[in-house]
Amino acid sequence: RASTNSPAYHAQPMSHAHNPKQVAGYAAADLIQDRTTVGLGTGSTVWFTLVRLADRIAQEGLRVRGVPTSEDTHAKATELGIPLATLDEVEAIDLTIDGADEIDGEFRMIKGGGGALLREKFVASISRREAIVVGPDKVVERLGTTFKLPVEVVPFARAVVARAVKGLGAEPLLRMAPDGAVFRTDNGNEILDC
């Protein structure tokens with residue numbers, strides 16, 4: 001159960017009338033039904049989903065198990081007291097809640113800004129339903145205008161993938177971490193931002 005004394009629980013104010021990400025995240029958590037398996041995406045808007053889900057578990061006795069798409073989400077969900085499962089333990093997911101970096105009017109998206117794109121795709125692939133939560137700043141007329149397209153690549157094949165991406169007309173840039181090292185995903189892979 002989520003502890004209301006946990007620093008993570010109090011990291012965001014409970015009043016969410018003026019924060020679109022919080023409104024979206026809370027609304028997504030309210031889609032979750034009792035006795036279901038839920039894919040837990042990664043990102044700033046999904047954080048609010050986790051907070052609201054923990055609140056529902058504590059207040060309503062909601063029985064769920066979450067499948068996190070990143071080590072970051074795993075740590076946050078654990079701290080909030082959300083029961084977790086792995087892909088080894090589930091054959092299907094009832095609902096996945098995730099974010100996006102850009103989304104257009106046709107519901108096409110760019111995802112992967114947080115570096116969890118491979119895990120997000122696997123969780124989504126076994127999900128019966130998926131809810132994408134975004135704030136209004138993520139809605140664009142044309143994809144790629146505010147965010148580069150991330151491509152996760154095994155380091156061994158980086159040059160091959162980079163050439164293929166260039167052949168498609170994009171310019172791949174190797175993502176770097178804030179400390180200047182090559183960014184690594186939770187799977188030990190690299191990301192080409194194109």
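**Close-ups: one threonine and some salt bridges**

**View 1. Thr-69 sits in the loop between strand E2 (64–68) and helix H3 (71–80).** Helices (H or I, at least four residues) and strands (E, at least two) are DSSP runs, numbered from the N terminus. This is a predicted model, where local features need pLDDT of at least 70, side-chain atom pairs count only at pLDDT 80 or more, and totals for chains, interfaces and linings use all residues. Residues are numbered from 1 along each chain as its sequence is written, and side-chain values use heavy atoms, with hydrogens and water left out. Thr-69 is buried, at 0% relative accessibility (buried is under 20% relative accessible area, exposed over 50%, partly exposed in between; 1.4 Å probe, protein chains only).

**View 2. Arg-63 pairs up with Asp-34 in a salt bridge, closest N and O atoms 2.4 Å apart.** The pair links distant parts of the chain, 29 residues apart: Arg-63 in the loop between helix H2 (44–60) and E2, Asp-34 in the loop between helix H1 (20–29) and strand E1 (36–40). A salt bridge here is a side-chain nitrogen of Lys or Arg within 4 Å of a carboxyl oxygen of Asp or Glu, and that rule gives 13 salt bridges. Arg-63 is partly exposed at 42%, and Asp-34 is partly exposed too, at 31%.

**View 3. Arg-158 and Glu-190 form another salt bridge, at 2.6 Å between the closest N and O atoms.** Arg-158 belongs to helix H5 (residues 158–167) and Glu-190 to strand E9 (residues 190–193), 32 residues apart. Arg-158 is partly exposed at 31%, while Glu-190 is buried at 2%.
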